[in-house]
Amino acid sequence: MSEHDPADPSPAPGEGRPGDADPAGQDQHTGTSGSVREVALMFLKLGTIAFGGPAAHTAMMRDELVRRRGWVSDQRFVDLMGATNLIPGPNSTELAIHLGYDRARWRGLIAAGLCFILPAALIVTALAWAYVTYGSTPAAEGLLYGIVPVVIAIIAHALFGLLRTVVKTIWLGALAVAALAAYLLGVNELLVLAAGALLAGAARAMRRPPRPDRMQGVLAAPLLTLGGSPLFPDPTGGQLVQLFLTMLKIGSVLYGSGYVLLAFLRGDFVDRLGWITNQQLIDAVSIGQVTPGPVFTTATFLGYVIAGPIGAFLATVAIFLPSFVFVGLLTKITDKLRSSEWTSALLDGLNAAALALMAGVSFQLGQTAIIDWLTAGIAVVTLVLLWKTKLNNAWFIAGGALIGLAHILLS
């Protein structure tokens, strides 16, 4: 049964209003043409409440834009989720940027990205000021105690919602299980995604080899190689120039999770440039984890530590700028990936692997988040409420935070 509210004037997922075809070339997938204002307000809210890392961000976007508002269908959502895994950079931010493009074209692309990044960047800048001024970061244990179980429930709910869309066949189900096992065994995330796409494509090719005139969609595959080597040489010049170009390089070539970001930041700013210590790097990553929005705002914190407010601004712009460029290029090929039978099989495999990674992340988070009866209760109650109601995720996040603070004060 569809969860779309018939009283809601917006179209059901995957449907558009009559006459919505855009003579300038709006895709049928986008369904409606929305205003930049609604895109900006939606992603400003998500950027403020999206705790928990990329998997949680993806779950919240799916809940808001597919389940509650019907801006895109589940199929379109997972196609975009899979396609953003082909390019370097923070995947949840890039998914937000592409969803903004789907809703309000190029102005929506810019508005979604900026509004999703801005709240976290401002919060992290304030925490960096406190860190530099007072020599420590504010304690966040109480907040995390209550918020993280809520995030686990949000991810689990999204996984169940996407399961039928992604796992269309027994073969894709087996592929997702294999991808999950590989991830839990420590295989690199990029290799898991690439293997999922290639195995699905190979299985499709064995059943029906692609015709040469249908191979143009495969030209999308070289995007995967953009992360193979640095696009910029070691920067020279003043400290601000070095900071900007180094962050730009990292944003242009980095695949994977925040832990991969940690390795890049240590190599450049601790080992090569010597601008920060290992402890400062760990503190920066911690702040990136406990604040809402993109984990890549770790760069904002380091920019402030290195060069004050202007450093925070330059580092933030530099590390996120490539994402806008890459998504702008990706909008040209995403529909070709789905329109060709052969590349559609690649995308199906990629989506199955991406869903498996999301499940693996939620399992690992759950092991550290569900530590007693109270955290287990928070997760279960949140999951039930998500299943039975359409309450906004912000209420669950706020409730978890209050429970966490009360637990710390009373213990």
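Modeller: Happy to. A residue counts as buried when its relative accessible area is under 20%, and as exposed when that area is over 50%. Keep in mind that this is a predicted model. With that cut-off in hand, look at T316: its relative accessible area is 12%, so T316 is buried. T316 sits in helix α11. Leaving aside residues up to four places away in sequence, T316 touches I117, A121 and T300. With T300 there is also a polar contact, side chain to side chain, at 2.6 Å.

Now step back to the helix itself. Two packed helices are described by the angle between their axes and the distance between the axes. Helix α11 covers residues 298–330, and its axis comes within 8 Å of the axis of helix α8, residues 239–253, with a crossing at roughly 40 degrees. That angle makes α8 oblique to α11. The crossing of α8 past α11 is right-handed. Sorted by class, the residues of this contact are 19 nonpolar and five polar, with no charged ones.

For another helix pair, turn to α1 (residues 36–49) and α2 (residues 54–68), which pack at about 145 degrees with their axes 10 Å apart. Their crossing is right-handed. On the α1 side the contact is made by M42, F43, K45, L46 and I49, and on the α2 side by M60, M61, E64, L65 and R68. Here the classes come out as seven nonpolar, no polar and three charged residues.

Notes:
Residues are numbered from 1 along each chain as its sequence is written. This is a predicted model: local features need pLDDT of at least 70, side-chain atom pairs count only at pLDDT 80 or more; totals for chains, interfaces and linings use all residues. Side-chain values use heavy atoms; hydrogens and water are left out. Axes are lines fitted to C-alpha atoms, for helices over the stretch in contact, and angles run from 0 to 180 degrees between N-to-C directions. Helices (H or I, at least four residues) and strands (E, at least two) are DSSP runs, numbered from the N terminus. Angles under 35 degrees count as roughly parallel, over 145 as roughly antiparallel, 65 to 115 as roughly perpendicular and the rest as oblique. A crossing is left-handed if the near helix is turned anticlockwise from the far one by less than a right angle, and right-handed if clockwise. Ala, Val, Leu, Ile, Met, Phe, Trp, Tyr, Cys and Pro count as nonpolar, Asp, Glu, Lys and Arg as charged, and the others, Gly among them, as polar. Buried means under 20% relative accessible area, exposed over 50%, partly exposed in between (1.4 Å probe, protein chains only). A polar contact is a pair of N or O atoms within 3.5 Å; within protein, one must be able to donate a hydrogen and the other to accept it, and residues adjacent in sequence count only if both atoms are side-chain atoms. Contact means heavy atoms within 4.5 Å.
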